Amino acid sequence: MFQPITYPSFFNKKLFILLFPLLLNIGQLIGQNNIKNCFTSTTNFNPALQEELEIFTKNYINNPNQSAISRGKITIPVVVHIVTQESEVEILDEQVHTQITALNRDYNLENDNLDRIHPAFQDRIGTVGFNFCLATIAPDGSPTTGITRRTTSDRNIFSPGNLWLYDTNEGGQTAWDTNKYLNIWVTKTDLFAGYATKPFQNPPEQDGVVISPRFFGMGGLATPPFHLGRTVVHEVGHYFNLSHLFDDGCEGNDFVADTPTQNSQYNGCPNIDESSCGSRDITANFMNNSEGECLAMFTRGQAMRMQAALIRARNGLINNNGCEPNLPTVLGDEIKVYPNPASYYFIIEVGNSTLEQIPYFIYNSKGAKVAEGLVTPNSTQHFPTYRNGIYFIQFLNRSEEPVVKKVVINY
Ligand SMILES: [Zn+2]
């Protein structure tokens, strides 16, 4: 899915001649202010899984009991790879943070421009309920800001299909496990503002969003009228399996029941009264490509489609916990083992923890593991004892040294 930059500014003459036939076409479209917006990728990495996801999505939407996602409960860990050209201005962390803010605003209906939505669509406004956060834990378990930085050759301008971007050895940045992180690459792009992969559309190592710095975040290098982070809001919509409202015109189908068919995309800031294909259009829908100020909503149907994609195709994001604060997740003080010495049983009592369950391992004095399992915070658990001796119980902390307790068994 590509969103074109409407004013290509970086052509040299040679490139222009080389690409002239293509440019002519695009130029005509730009000239008519009727840009064919996102070219659908022809990649189809796993059609069987795509089909299965489509079936799951239908069932999910038809069975409201399944729609258990409530606002703010789901956290999506994001890693932003900034791949800057040698001659380019650096993108500050602040610009990255504003993009996360923009995603959370628009995916949780916290935007204040609902007046851009025609009254006829007020009851279709959906809340997706995803929270986005910069990862705090890297794939190797180390603390991270959720931002990586690379400088690359000035020749490296991304076009969809280029693989250099996904490879640290080729001047790009290799993805973090795309099952566990939403990877966003910020880099100079060729003709397009943004590019995203739908579930199973590309190989895992190329899965995520690519965005030009001018369309990324709010403030900084983000350039009006695309300075509200909404190009990424749109691209992340694709990432969660949304299509455009206007693909294939009046004959098209975005597989969402409450989005009216739309003949073509809108540019600039359309009148909210526009219609096509015999019905009023949701000009303010994020899956249009209007100016940032003029985009304001997903529909309920789109929200559910995205939720289904998360549950079925991208559930590794939910289970990652990659945004937990880098604090001890269980403190030694919160764990008590008694009686000590113990004779026939001992008790492990766990107080508060940010973990839902805490893995433990019990070792004898020779270092051999005699037991393992899970304990739950705010609970006590009885254990039968082992033969006489000293035992060490190790409780796993996610980002700190494990907590170790000693118990002496003597009966
Ligand atoms: Zn698009």
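**Cores, sheets and a helix in a predicted model**

Leu49 counts as partly exposed because 13 C-beta neighbours lie inside 10 Å, whereas a buried residue needs 20 or more. The model is predicted. Leu49 lies in helix H3, which covers residues 47–62.

The protein chain contains seven helices and 18 strands. Of its 411 residues, 38% count as buried. Contacts between residues at least 6 apart in sequence were also examined in the chain. Of these, 68% join residues at least 24 apart.

Nonpolar side chains tend to be buried together in soluble globular proteins. The largest nonpolar core here has 69 residues. Within this core, Val78, Ile184, Val186 and Ile211 touch the most other members. Several elements each supply at least two of the core residues. The strands that do so are S2 (74–85), S4 (130–134), S6 (182–187), S7 (192–196) and S8 (209–211). The helices are H4 (93–107), H5 (230–239) and H6 (300–313). H6 gives the largest share, seven residues. A second core of 14 residues is separate. Its members include Tyr391, Ile393, Phe395 and Val403.

Val186 illustrates the packing in the largest core. Residues up to four places away in sequence are left out of its contact list. Val186 then touches Val80, His81, Ile82 and Val83, along with Ile91. It also touches Ile211, Pro213 and Phe216.

Helix H4 was examined next. Its 15 residues should span 21 Å at 1.5 Å a residue. The end C-alpha atoms of H4 are 22 Å apart, which agrees. Buried positions in H4 are Gln95, Val96, Thr98, Gln99, Ile100, Ala102, Leu103, Asp106 and Tyr107. An α-helix has 3.6 residues a turn, so residues three or four places apart point the same way. The cover over the buried residues of H4 includes S2, S4, H5 and strand S5 (147–152). Just after H4, Leu109 takes a positive phi of about 55 degrees.

Two open sheets were then considered. Strands of a sheet pair through backbone hydrogen bonds, either parallel or antiparallel. Strand S13 spans residues 345–350 and pairs with S16 in the antiparallel sense over six bridges. At one of these pairings, Val350 has Ser379 of S16 as its bridge partner.

The other open sheet has four strands, also with antiparallel pairing. Their order is S15-S14-S17-S18. The edge strands are S15 (369–375) and S18 (403–409), and each pairs on one side only. With direction ignored, neighbouring strands of this sheet are turned by 20 degrees against each other on average. Strand S14 (residues 358–364) and S15 run antiparallel and are joined by six bridges. The bridge partner of Pro359 in S15 is Leu374.

Definitions and conventions. Residues numbered from 1 in each chain as written. Predicted model: local features only at pLDDT ≥ 70, side-chain atom pairs only at ≥ 80, totals over all residues. Core = buried A, V, L, I, M, F, W, Y, C linked by C-beta atoms within 7 Å. Buried ≥ 20, exposed ≤ 12 C-beta atoms within 10 Å, placed from the backbone. Contact = placed C-beta atoms within 7 Å. Pairing = 2+ DSSP bridges. Expected span 1.5 Å × (residues − 1). Axes fitted to C-alpha atoms, helices over the stretch in contact; angles between N-to-C directions.
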